[in-house]
Amino acid sequence: MEDLKVKTEERQTTEKKAEKTEFPLPKKFIILGAIAIVSIICSVFWNKNQVFRDIFTSMDTTVTLRVWGDKNNDYKKLAEKLDGLFDCYDKKSEIHKLNSKGEAKLSKETADILKKSKELWEKYPECDITAGGLIDLWKVKDGGNIPTDEEIQAELLKIGGENLTVSKNKATLSQGKINLGSVAKGYACDVFIKEFDKNEEKCAIISFGSSSLMYGEKPDGEKFKVGVNNPLDKGENLGTLALDECFVSTSGAYESFFEKDGKKYGHIMDLTTGKPVESDLLSVTVIGQSGIETDFLSTLIYIRGTAGLDEFFEMDDISIVAVCENKEVYISKSLEEKFTLFDAGFKVTFR
């Protein structure tokens with residue numbers, strides 16, 4: 001009986017020892033596993049929501065870039081490449097060579113932007129990329145110059161999209177000078193949406209100042225907030241737009257002009273007079289699904305003024321915010337639920 005009692009006590013003691021050695025090990029692994037899982041979840045969440053930011057100068061403006069995700073592609077090089085191709089004042093650019101020699105071999109990007117610009121001109125001849133010589137006469141960005149009537153008429157005779165021929169990778173220009181100021185920034189946004197697609201980005205914003213691209217969907221599910229500048233108070237917004245993926249372009253003379261004898265002269269030209277446009281619009285913002293089209297149309301609508309608004313408010317593929325000099329703001333009905341007014345000094349009408 002004593003032997004049995006001893007053996008029983010030994011077995012119980014052994015079982016207790018086993019209990020002490022069996023449980024701490026799995027518990028330790030469970031805790032470590034839980035930490036690892038939480039770390040993975042946090043890492044995924046962080047990568048999804050972290051934002052890569054870059055600010056640099058290109059196309060004669062400050063470019064701002066934000067990309068959400070776990071990749072860091074060098075998009076600055078792409079912007080610099082486009083600038084190097086399109087800048088008519090850069091002696092190495094394809095546009096400068098075309099202007100100076102009357103012909104040039106072209107990259108696919110330059111050929112594409114020239115073809116698309118000519119197609120837009122054929123529909124809306126008030127805005128013409130061959131007006132570079134006229135733009136140079138006024139020297140708006142260099143402090144300003146008021147040319148003679150004879151100089152203006154001489155340059156007007158050289159303007160016309162029919163003077164430009166683009167065939168595959170070659171272009172000829174019989175007269176006039178190419179200036180892509182009305183389309184280059186918007187077209188750059190078209191190039192970037194393809195690059196974002198190729199790199200499988202989830203969300204990005206790139207702004208070339210007057211033209212911007214809102215790409216994909218924000219990780220927090222919120223809309224893109226786009227400010228509408230107050231042309232009468234530089235640096236302030238008169239309101240904001242809450243938008244899904246789209247292109248946004250704004251035109252107006254309030255950003256680039258010179259003043260002479262109390263009169264302001266803007267950088268956008270009226271091709272009927274050869275002088276800076278005298279529009280009753282202060283600014284025009286166009287929202288759509290094509291960068292080059294929103295850029296071109298914002299300039300065109302500004303040139304036409306309020307008298308030409310009806311045609312564009314009837315278009316289904318674009319939306320408009322037109323700010324008038326009398327502080328009236330005409331906005332497409334499609335934006336009624338997306339626009340928030342900040343400045344009560346402006347009166348909003350949805351059309």
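**Core and sheet**

Modeller: This is a predicted model. Its largest nonpolar core has 66 residues, and Leu114, Leu180 and Phe192 touch the most other members.

Colleague: Which helix gives the most to this core?

Modeller: Helix H8, residues 184-198, with eight residues.

Colleague: Back to Leu114. What is Leu114 in contact with, leaving aside neighbours within four places in sequence?

Modeller: Ile95, Leu98, Leu106, Ile129, Leu164, Val166, Ala171, Ile178 and Leu180.

Colleague: What other core lies apart from the largest one?

Modeller: One of 21 residues. Among them are Ile205, Leu243, Val323 and Phe339.

Colleague: Switching to the sheet. What is the order of the three strands?

Modeller: E3-E5-E4, in an open sheet with antiparallel pairing. The edge strands are E3 (103-105) and E4 (164-167), and each pairs on one side only. From one strand to the next, the twist averages 10 degrees.

Colleague: How many bridges join E3 and E5?

Modeller: Three, in the antiparallel sense. Strand E5 covers residues 170-173.

Colleague: And what stands opposite Glu103?

Modeller: Thr172 in E5.

Colleague: Which strands does helix H4 touch?

Modeller: Helix H4, residues 94-101, packs on the sheet and touches E3, E4 and E5. The direction of H4 makes about 150 degrees with that of E3.

Colleague: And which strands does H5 touch?

Modeller: Helix H5, residues 108-123, touches E4 and E5 as it packs on the sheet. Its direction makes about 130 degrees with that of E4. Leu114, with its contacts to Leu164, Val166 and Ala171, falls within the H5 range of 108-123.

Colleague: Now the whole chain. How many helices and strands are there?

Modeller: There are 10 helices and 19 strands. Of the 351 residues, 45% are buried.

Colleague: What about contacts across the sequence?

Modeller: Take contacts between residues at least 6 apart in sequence. Of those, 57% join residues at least 24 apart.

Colleague: Last topic, confidence. What is the mean pLDDT?

Modeller: The chain's mean pLDDT is 89, and 86% of its residues reach 70 or more. Over residues 1-46, though, the pLDDT is below 50. Beyond near neighbours in sequence, that stretch has one contact in the model.

Notes: Residues numbered from 1 in each chain as written. Predicted model: local features only at pLDDT ≥ 70, side-chain atom pairs only at ≥ 80, totals over all residues. Heavy atoms only, no water. pLDDT = per-residue confidence, 0-100. Contact = heavy atoms within 4.5 Å. Pairing = 2+ DSSP bridges. Helix = DSSP H or I, 4+ residues; strand = E, 2+ residues; numbered from the N terminus. Axes fitted to C-alpha atoms, helices over the stretch in contact; angles between N-to-C directions. Core = buried A, V, L, I, M, F, W, Y, C linked by side-chain atoms within 4.5 Å. Buried < 20%, exposed > 50% of the residue type's maximum accessible area, 1.4 Å probe, protein only.
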